[in-house]
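Please examine the sequence and the coordinates shown below before reading on.

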Amino acid sequence: MIAIEEVDALSKEKLPLITVVTGDDLGQYSQLKQLFLERVAFDPSDLAYSYFDFPENSFVDAQMDLESLPFFSDEKVVIFDNLLDLTTAKKSYLDDRDAKSLEAYLTNPVETTRLVIFAPGKLDGKRRLVKLLKREGKIFEASQLKEADLRTHFQKVAHQAGLVFAKGAFEQLLIKSNFDFSEIQKNLAFLKAYKADGRIDQTDIDQAIPKTLQDNIFDLTQYILQGKIDQARDLVRDLRLQGEDEIKLIAIMLGQFRLFTQVKILAQAGKTESAMVAQLSELLGRKINPYQVKFALRDSRPLALNFLKQAMVILIETDYQIKQGKLDKAYLFDLALLKIASVKDA
């Protein structure tokens, strides 16, 4: 059972003495946190609850409340929000004395108090506090879900919402949402509002879910690769009417071609998809969505490495010329698209 389903079964009466809600999938974490607060019936006006946001509150005040006995009820819930000291984020709200005081509490908690800690990000397993929390408390972690778990969860959510998908439509929803937890959740809400009868086919996916700029740039790239120059020009015109700048379009296209090149080189080196995700995440200094790698592998397969290198050179040179103000940027961008198409056909 994934974390959000575990939390869905919670109640205030079932809360353990110490609970941590965490995770580096921040979209999922946000929903996990909101659901948790709903399930424990959190009410800031209810004196049975105490809330401390660590960028705003001091640990000294929080500690006094944490260690005191409840006054208005038999039990109380104390919430520490944004305690980033537990994560790999370079933030610290606890000094050494505070940390030792919290460690002491964790090893001997007050029986009438339920401590809840919200810590967005990746837990730092090297910290003594984290080791204690894993031993003494219950951890709900919003981490990147495996594809099978993601499918199963949202099939349940769709069923509960009364949505019935035609063959291939649910897969199209996942792809359109980039297999992102919060995007799928949002797009399911779009579909429920769009189709009163709840019957969803692929046309509904295309019409109800708005295209992102990345979607449009992907379409633009595909038009260029397929030699569909007229469609490419029409899409560029639409993007300009929407206020998108050529430099921004180049940056996104360059990012696509760069990812195609990276996964192609790694594939030639015999790397697995999971190894590619880990290596690219380390290289770029941020976590790469595994599905980006999966689709980049698929889309780059028919492309020659030499073509990808030439396409990137064309985009880099065009970006430089636009920033130098040598010629009209719309002309330079259109010329770059023609050059990439001609290189592809060469």
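In which hand of crossing does α10 pass α11? The crossing of α10 past α11 is left-handed. The model considered here is predicted.

Two packed helices are described by the angle between their axes and the distance between the axes. For α10 and α11, the angle is about 155 degrees and the axes lie 8 Å apart. Angles over 145 degrees count as roughly antiparallel, and α10 and α11 are therefore roughly antiparallel to each other. The two helices and their contacting residues are listed below.

| Helix | Residues | Residues in the contact |
|---|---|---|
| α10 | 213–225 | L213, N216, I217, D219, L220, Y223, I224 |
| α11 | 229–241 | I229, Q231, A232, L235, V236, L239 |

By class, the residues of this contact comprise 10 nonpolar, two polar and one charged.

A UniProt record, an unreviewed entry, assigns residues 214–340 the feature "domain: DNA polymerase III delta subunit-like C-terminal".

The protein chain as a whole contains 16 helices and seven strands. Its C-alpha trace spans about 75 × 50 × 40 Å along the principal axes. The protein chain has 346 residues, of which 46% count as buried. Of the contacts between residues at least 6 apart in sequence, 75% join residues at least 24 apart.

Notes
Residues are numbered from 1 along each chain as its sequence is written. This is a predicted model: local features need pLDDT of at least 70, side-chain atom pairs count only at pLDDT 80 or more; totals for chains, interfaces and linings use all residues. Side-chain values use heavy atoms; hydrogens and water are left out. Axes are lines fitted to C-alpha atoms, for helices over the stretch in contact, and angles run from 0 to 180 degrees between N-to-C directions. Helices (H or I, at least four residues) and strands (E, at least two) are DSSP runs, numbered from the N terminus. Angles under 35 degrees count as roughly parallel, over 145 as roughly antiparallel, 65 to 115 as roughly perpendicular and the rest as oblique. A crossing is left-handed if the near helix is turned anticlockwise from the far one by less than a right angle, and right-handed if clockwise. Contact means heavy atoms within 4.5 Å. Ala, Val, Leu, Ile, Met, Phe, Trp, Tyr, Cys and Pro count as nonpolar, Asp, Glu, Lys and Arg as charged, and the others, Gly among them, as polar. UniProt positions are given in the numbering used here, feature names are shortened, and annotations may be inferred rather than shown by experiment. Buried means under 20% relative accessible area, exposed over 50%, partly exposed in between (1.4 Å probe, protein chains only).
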